[in-house]
Amino acid sequence: MSPYRNILLVVDLTEDSATIGQRALAVARDAGAKVSLLHVVEYVPVEPMGETLLPAVQIEEELVARARERLATLAGQLGMPGAAQQVATGNIKAEIVRAAEAQGADLIVLGCRERHGLSILVNFTEDTVLHAAPCDVLAVRLRG
């Protein structure tokens with residue numbers, strides 16, 4: 001029996017999300033596991049003295065609504081429109097770990113990109129999630 005029953009697929013809704021999703025589905029298929037999708041909107045407040053026409057709350061609501069639509073589209077493209085889908089707001093790293101704990105995930109699948117030069121010194125999402133996650137993490141290597 002596979003140790004994976006509940007897989008959390010974390011996507012950033014870029015063109016690479018389908019690749020990450022396909023890997024998660026392959027693991028799920030082999031393990032007989034279910035997959036749920038997560039996207040985190042890391043809301044950056046608008047500068048108070050900026051020329052914004054919309055209140056910050058409305059901007060955040062629109063970002064979340066667009067993310068929900070795109071996540072549903074991705075789920076459909078992956079052939080899993082009935083899968084659980086969540087759009088969270090906040091710190092990306094913290095929200096991934098929180099969602100994994102809340103859902104009882106035993107595997108988190110996310111993308112990672114190769115780093116060069118000074119970017120190696122920066123703490124990227126996949127590194128933080130790897131060390132803080134309550135379960136295994138599969139980092140799918142992406143181009144660029």
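**View 1. Met80 and its surroundings in the nonpolar core.** Beyond the residues up to four places away in sequence, Met80 touches Leu25, Val35, Leu37 and Ala75, a contact being heavy atoms within 4.5 Å. Met80 is also one of the residues with the most contacts inside the largest nonpolar core, alongside Ile7, Leu9, Val35, Leu37 and Val109. That core has 27 residues. A nonpolar core is a set of buried Ala, Val, Leu, Ile, Met, Phe, Trp, Tyr and Cys residues joined through side-chain atoms within 4.5 Å. Buried means under 20% relative accessible area, exposed over 50%, and partly exposed in between, with a 1.4 Å probe and protein chains only. The elements giving two or more residues to this core are strands S1 (6-10), S2 (34-41), S4 (107-113) and S5 (136-142), together with helices H1 (17-31) and H2 (56-77). Another core, of 14 residues, lies apart from it and includes Val40, Ile96, Ala99 and Ala105. In soluble globular proteins, nonpolar side chains tend to be buried together.

The model shown is predicted: local features need pLDDT of at least 70 and side-chain atom pairs count only at pLDDT 80 or more, whereas totals for chains, interfaces and linings use all residues. Residues are numbered from 1 along each chain as its sequence is written, and side-chain values use heavy atoms, with hydrogens and water left out.

**View 2. The protein chain as a whole.** The secondary structure of the protein chain comprises four helices and five strands, arranged along the sequence in the pattern β-α-β-α-β-α-β-α-β. Helices (H or I, at least four residues) and strands (E, at least two) are DSSP runs, numbered from the N terminus. Of the 144 residues of the protein chain, 36% count as buried. Among contacts in the protein chain with a separation of 6 or more, 76% come from residues 24 or more positions apart.

View 3. Helix H1 has 15 residues and spans 21 Å from its first C-alpha to its last, close to the 21 Å expected at 1.5 Å a residue; the expected span is 1.5 Å times one less than the number of residues. The buried residues of H1 are Ser17, Ile20, Gly21, Ala24, Leu25, Ala28 and Ala31. They cover an arc of only 135° around the axis, which puts them on the same side of H1; the arc is that of the directions from the helix axis to the C-beta atoms. The face turned away from this buried side carries the exposed residues Arg29 and Asp30. After H1 comes Gly32, with a positive phi near 70°.

**View 4. Ser17 in helix H1.** Ser17 is found in helix H1 and is buried, because its relative accessible area is 1%. A polar atom of the Ser17 side chain lies 2.9 Å from the backbone nitrogen of Leu13. Leaving out residues up to four places away in sequence, Ser17 touches Val11, Asp12 and Leu74.

**View 5. Asp106 in the loop between H3 and S4.** Asp106 is placed in the loop between helix H3 (92-103) and strand S4. The side chain of Asp106 reaches the backbone nitrogen of Arg5 at 3.0 Å. The C-alpha atoms of Asp106 and Tyr4 are 5.7 Å apart, although 102 residues separate the two along the chain. Setting aside neighbours within four places in sequence, Asp106 is in contact with Pro3, Tyr4, Arg5, Asn6, Ile7, Cys135 and Asp136.

Conventions:
Polar contact = N/O pair within 3.5 Å; in protein donor to acceptor, adjacent residues only side chain to side chain.
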